[in-house]
Each structure stands twice: as C-alpha cells, then as structure tokens.
Amino acid sequence: MSENIVQPPIKNTSSTRGKLITREEVIAVIMECTEKLGRAPSRAELMKTGAVKERQIVRHFGTFTRALEACNLESNGPGNKLPIEKLFRDWAGMVRTLKKIPSRAEYQQFSNHSPAPLKTRFHHWSKIPQHMRCYAEDHGRAAEWKDVMEIIAAYEVEQKGQECTPAPEGVESKPRVLADRPLYGVPVRPYPLIFGPTNESGVIYLFGTLSAELGYVVTRIQPEFPDCEAFRMIDENHCQLVRIEFEYESRNFVRHMHDVNGADVIVCWKHNWEDCPLEVIELSKIVMGKGSIG
C-alpha cells in the first residue's frame, strides 16, 4: 500500500530575517540617498534610512566600499582618501565652468565631493589654487588646463601682487649660467658636504651628518612617504619617534602633494612655504650660522 508522503513546507525566512532585497534594489537605495545628500552617503547615513540592512550589503557586495563602487561612487569617510588626480579634475573643472576660483561654499554646492579632502590635504583653503597649479605643472597637466592655469595666475597676482625689483642700470638682472659646467651650492665648510645641497639627495646627506648634533637618531630611511623615521631627544631623559620628509625647498612638500597629516617635520635646505603647518628644520640657517663661508 502506497502512502502519500507530505513534504514539510519551505520555511519563509523573510519573516525572521527581514525582507529579501536584490542587488539592484540596494543600488537604487544608495543612489536615492546620494541624491538627497548631494554626495555619497557614509555607512551610518545609509543604515539610518532603514531601507537596507548591513547583512544585505555584505550579501551582495561583500563590503560597503564595493557597494559604493558598484554605484560609481567613492567613500568620503576617514581612511578613504580620494586620489589627488580626481580632486584636481573636479576642482579644475569647476574653475573652468565658473571661470573663477570657487569659494568653499561654491565647492560644497557644486562638487561631487565635500571640501574635507582638500582641507585635509592642503590645510588652508586659500592655498588650494597654488597647490593645484603646482600639481598641474609637475604632472604635465598645465597645457590641458591652460585656461584654468591662467585663472589661477590672475588669482595669485591679485592675492599677493607682483614683487619685482629692477636690477641696477648696466647690470644683468640674473647672472648668465654657463651650459658646459655644473652648478654648486654655496660653500658650507667645515661640514663634510663642502657645498650646500642643490637637490633633495644633498639635503638627506647633510642631515645625516648633522642628525646626532641636532638630537636625532635615525631608525629608518625609505623611498615611500614619509622619507624618514627617527627618534628625537625631548630632554635628557626622554626621546620620541617623529616622521620626517626631506625636501630641497619646503614648499616642494606641496608640489609633491604630500598629506600634512603623514609627517611631523620637514627637513629642507630652504624654507619658503608660507603658513606651513609642520615643524621645519632649515639646514641652510643652521650651517650658515656656525662660521660657514659664504
């Protein structure tokens, strides 16, 4: 005698684990939140909508960052730094559209990003045009953004004015450089480096000869930013680890688009970065102030 075997009903997990939501629906929720905020939402902001759960993000994308990437968005949260190339194109594109340097309020209104990444990188909002010009010049973008470079140049003239002191009559404004021989720095005897450095490598060497005298014990030199880690004597009983970036001129820190939060000290030959937020060791003043020739 055959028996009818009754299969148990399939358990409806939606009643215990929440409504099932598709990948496309998650993307739609993120885009709707983005439209309301005017930027990519943070994880907390997205969860506050109640339209999507953390486990649904993990199920479809693995991580919140990948979910944003699926929407062609970028996280603006801590630890997710926007590449300088994208920041430059976004800012320069706004200059091109507005035909002027945008204020912070205008940037916040029209940009795809918040002002925070620029403020974090460059510290002073008023210095951003200078930083962007340096980036364009150093990375071969000046020709592509010629109109933007002209706007920046006009802005810098307006901000600082042109300082030009004419040379005395009969004297060339700048000595002629002979092309068939190298250039040397100013003599700095009695230090091991006879002439002052003319590049960053010279700065590194000179600092190495002076580090103990200056109270530093170097523990690491590396090709990545920052260049150096060293212990610095605070007093006769204490020392502290500091991160050092070497530059020939201190404002090269800006040209190289380094993060001011990634270093503690700039060691340079010439200090020419106004409003520098970091401690600066200017080697030229140290060696030229100790009986040096020149």
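Here is a walk through some of the contacts in this structure, which is a predicted model.

Let's start with charges. Side chains of opposite charge can pair when their charged atoms come close. How many salt bridges are there? The count comes to 17. One of them joins E106 and K100, whose closest N and O atoms sit 2.7 Å apart. K100 is partly exposed, with a relative accessible area of 36%.

Now move along to helix α9, which covers residues 128-138. Here R133 forms a salt bridge with E137, with 3.3 Å between the closest N and O atoms. Take a look at their positions: the two are four residues apart in the helix, so about one helical turn separates them. R133 has a relative accessible area of 18%, and because buried means under 20%, R133 counts as buried. E137, at 40%, is partly exposed.

E137 has another partner too: E137 forms a salt bridge with R255, and the closest N and O atoms of that pair are 3.7 Å apart. R255 belongs to helix α12 (residues 252-255) while E137 lies in α9, so this pair ties together parts that are 118 residues apart in sequence. Follow the shared partners and you get one network of salt bridges made up of R133, E137, D138, E156 and R255.

Stay with α9, but look at its neighbour α6 (residues 84-98): the axes of the two helices come within 11 Å and cross at roughly 115°. The crossing is left-handed. On the α6 side, the contact is made by I84, E85, L87, F88 and W91, and on the α9 side by I128, P129, M132, Y135 and A136. What kinds of residues are these? Nine are nonpolar, one is charged and none is polar.

Two of those contact residues bring us to aromatic rings. A pair of aromatic rings is described by the distance of the centres and the angle of the planes. The whole structure has seven aromatic pairs. F88 and Y135 make a tilted one, with 5.2 Å from centre to centre and 50° between the planes. F88 comes from α6 and Y135 from α9, so to speak a link between distant parts of the chain, 47 residues apart. Both F88 and Y135 are buried.

For an edge-to-face pair, find F225 and F253, with centres 5.9 Å apart and planes at 70°. F225 lies in the loop between β1 (216-221) and β2 (228-235) and F253 in helix α12, so the pair ties together parts that are 28 residues apart in sequence. F225 is partly exposed at 28% relative accessibility, whereas F253 is buried at 0%.

Terms used
Residues numbered from 1 in each chain as written. Predicted model: local features only at pLDDT ≥ 70, side-chain atom pairs only at ≥ 80, totals over all residues. Heavy atoms only, no water. Salt bridge = Lys/Arg side-chain N within 4 Å of Asp/Glu carboxyl O. Buried < 20%, exposed > 50% of the residue type's maximum accessible area, 1.4 Å probe, protein only. Axes fitted to C-alpha atoms, helices over the stretch in contact; angles between N-to-C directions. Left-handed = near helix turned anticlockwise from the far one by under 90°. Contact = heavy atoms within 4.5 Å. Nonpolar A, V, L, I, M, F, W, Y, C, P; charged D, E, K, R; others polar. Phe/Tyr/Trp six-rings, centres within 6.5 Å; stacked < 30°, edge-to-face > 60°.
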